[in-house]
Amino acid sequence: MPTILTHAAVPLCLGLGLGTKVIPPRLLLAGIALAMVPDMDVLSFKLGVAYGNAFGHRGFTHSLLFAFVMPILCVLIGRRWLKVSLTRCWLFLTVSLLSHSLLDSITTGGKGVGWLWPWSDERFFAPWQVIKVAPFALSRYATPYGHQVIFSELLWVWLPGLMLMGMLWWKRR
């Protein structure tokens, strides 16, 4: 998995690039939060749930079903707070949430992503894995491998995200 902060890159860059008239700050904040939500499944380790279990890491919270249903719930619950049309809100939140499992699928480790849960327990990777898988322990980021993780995230997520943000901003102007 990429680091939790890197999961915020897609909604952050997309939202800032589109501007506050299209993606208001509250919706941007909700998109960033939703992009991080799937990794709450690491708490399952504390409950003794195995990694490869459908309710383990990269399981149901990384599924397409979760990515389409969770934003619907957010829109229904927070519609007035987000102050955006239902369609725009759902689209932005869905893209934000889908970006999480997509980024996880292009990492160099783990057991893949459970995109098809509940129809299948199979785990998937994208055809290419370019992002170094992030360690769970914060202390490992001070090691040479931790530096490789940070560099690969900057190269494969943040740099393209900043480029997209710049192009969207330029088009708006």
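This is a predicted model: local features need pLDDT of at least 70, side-chain atom pairs count only at pLDDT 80 or more; totals for chains, interfaces and linings use all residues.
1. **The overall build.** Let's start with the secondary structure: the protein has 7 helices and 0 strands. Going along the sequence, the pattern reads α-α-α-α-α-α-α. The radius of gyration is 16 Å, close to the 16 Å that the globule rule gives for 173 residues, so the protein is as compact as a globular protein of that length.

2. Of the 173 residues in the protein, 43% are buried. The accessible surface comes to about 9,600 Å², and carbon and sulfur atoms account for 74% of that surface. As for contacts, take those between residues at least 6 apart in sequence: 62% of them join residues at least 24 apart.

3. **Charges.** The protein carries 15 positive and 6 negative charges. How far apart are the mean positions of the positive and negative charges? They are separated by 17 Å.

4. **Aromatic rings.** The structure holds 6 aromatic pairs. One of them joins Phe 60 and Phe 66: the ring centres are 5.8 Å apart and the planes stand at 90 degrees, which is over the 60 degrees needed, so the pair is edge-to-face.

5. **A ring pair across the chain.** Phe 60 also pairs with Trp 117, with ring centres 5.4 Å apart and planes at 55 degrees, so this pair is tilted. Distant parts of the chain are linked here, as the two residues are 57 residues apart. Phe 60 sits in the loop between helix 4 (43–46) and helix 5 (64–82), whereas Trp 117 sits in the loop between helix 6 (86–105) and helix 7 (144–172). Ring pairs bring Phe 55, Phe 60, Phe 66 and Trp 117 together into a cluster.

6. **A cis peptide bond.** The peptide bond from Trp 117 to Pro 118 is cis, with omega near 10 degrees. Pro 118 lies in the loop between helix 6 and helix 7.

7. **A buried glycine.** Gly 31 belongs to helix 3 (residues 25–36). Its relative accessibility is 0%, so Gly 31 counts as buried. Which residues does Gly 31 contact, leaving aside its neighbours within four places in sequence? They are Pro 11, Phe 92, Leu 93 and Ser 96. The C-alpha atoms of Gly 31 and Met 70 are separated by 11 Å, with the two residues 39 residues apart along the chain.

8. **Two positive phi values.** Arg 58 has a phi near 65 degrees, and Lys 83 has one of about 55 degrees. Arg 58 is placed in the loop between helix 4 and helix 5, and Lys 83 in the loop between helix 5 and helix 6. Where accessibility is concerned, Arg 58 has a relative accessible area of 0% and is buried. Lys 83, by contrast, is exposed: its value is 62%, and over 50% counts as exposed.

Key: Residues are numbered from 1 along each chain as its sequence is written. Side-chain values use heavy atoms; hydrogens and water are left out. Helices (H or I, at least four residues) and strands (E, at least two) are DSSP runs, numbered from the N terminus. The radius of gyration is taken over C-alpha atoms; the globule rule is 2.2 Å times the number of residues to the power 0.38. Buried means under 20% relative accessible area, exposed over 50%, partly exposed in between (1.4 Å probe, protein chains only). Contact means heavy atoms within 4.5 Å. Accessible areas come from the Shrake-Rupley method with a 1.4 Å probe; for residues, only the protein chains shown count as cover. Lys and Arg count as positive and Asp and Glu as negative; His and the chain ends are not counted. The place of a charge is taken as NZ of Lys, CZ of Arg, CG of Asp or CD of Glu. Rings of Phe, Tyr and Trp (its six-membered ring) pair if their centres lie within 6.5 Å; planes under 30 degrees apart count as stacked, over 60 as edge-to-face and the rest as tilted.
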